[in-house]
Amino acid sequence: FTINATARNQGETASSGSTTLSYRRSTNSTITVSDTQIGTDAVPILAAGGNSPETISVSIAAAGTYWVGACITAVSGESPINNQCSSGVQVTVSAP
């Protein structure tokens, strides 16, 4: 399936450095950097208030209910850093 995400430089007054967006699979709705990484995207430098749409195709082989989301790696001098991960979106994988 395809995951669409948007990286935003929100609340900042300056451009951000380039960084990495990591897509995560979790067993609960709270996405953190401790969850299983299922892919990454490079995020370019973003102007203050700017955004970058990102898309990745992923697969989950084991049947079950999961939550997927994305976390962005903080850049030097960033503040606040408590908004690094998205909310989780529930995905159910069925056995063939």
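Ala5 has Glu54 of strand 4 as its bridge partner, and strand 1 and strand 4 run antiparallel, joined by 7 bridges; two strands are taken to pair if DSSP finds at least two bridges between them. Strands (E, at least two residues) and helices (H or I, at least four residues) are DSSP runs, numbered from the N terminus. This is a predicted model, in which local features need pLDDT of at least 70 and side-chain atom pairs count only at pLDDT 80 or more, while totals for chains, interfaces and linings use all residues. Residues are numbered from 1 along each chain as its sequence is written, and side-chain values use heavy atoms, with hydrogens and water left out.

**Overall architecture**

- The secondary structure comes to 0 helices and 6 strands, which gives the pattern β-β-β-β-β-β when read along the sequence.
- The C-alpha trace spans about 50 × 20 × 15 Å along its principal axes.
- The accessible surface, computed by the Shrake-Rupley method with a 1.4 Å probe and, for residues, with only the protein chains shown as cover, comes to about 5,700 Å², and 49% of this area belongs to carbon and sulfur atoms.
- Of the 96 residues, 35% count as buried, where buried means under 20% relative accessible area, exposed over 50%, and partly exposed in between (1.4 Å probe, protein chains only).
- Contact means heavy atoms within 4.5 Å; among contacts between residues at least 6 apart in sequence, 65% join residues at least 24 apart.

- An open sheet of 4 strands with antiparallel pairing has the order 3-2-5-6.
- Strand 3 (36-43) and strand 6 stand at the edges of this sheet with a single partner strand each, so one side of each is left without a neighbour in the sheet.
- The twist averages 25 degrees from one strand to the next, with axes taken as lines fitted to C-alpha atoms (for helices over the stretch in contact) and angles running from 0 to 180 degrees between N-to-C directions.
- Strand 2 and strand 5 run antiparallel and are joined by 6 bridges; within strand 5, Val68 is the bridge partner of Arg25 and Ala70 that of Tyr23.
- Strand 5 also pairs with strand 6 in the antiparallel sense, over 5 bridges, and the bridge partner of Trp67 in strand 6 is Gln90.

- Strand 5 is mostly covered, since 7 of its 9 residues are buried.
- Residues up to four places away in sequence aside, Val43 touches Ala7, Ser18, Thr19, Thr20, Leu21, Ser52, Glu54 and Ile72.

**The disulfide**

- The count comes to 1 disulfide, a disulfide being a pair of cysteine sulfur atoms within 2.5 Å; here Cys71 is joined to Cys85, with an S to S distance of 2.1 Å.
- Cys71 lies in strand 5 (residues 64-72) and Cys85 in the loop between strand 5 and strand 6 (89-93), so the pair ties together parts that are 14 residues apart in sequence.
- The torsion about the S-S bond of Cys71 and Cys85 is about 110 degrees, so the disulfide is right-handed.
- Cys71 counts as buried at 1% relative accessibility, whereas Cys85 is partly exposed, with a relative accessible area of 31%.

**Two further buried positions**

- Ser16 lies in the loop between strand 1 (2-8) and strand 2 (19-26) and counts as buried at 14% relative accessibility; residues up to four places away in sequence aside, Ser16 touches Asn9, Ile45, Leu46 and Val75.
- Val93, found in strand 6, counts as buried at 16% relative accessibility, and beyond its neighbours within four places in sequence Val93 is in contact with Ile60, Ala62, Ala63, Gly64 and Tyr66.
- The C-alpha atoms of Val93 and Ala74 are separated by 31 Å, and the two residues are 19 residues apart along the chain.
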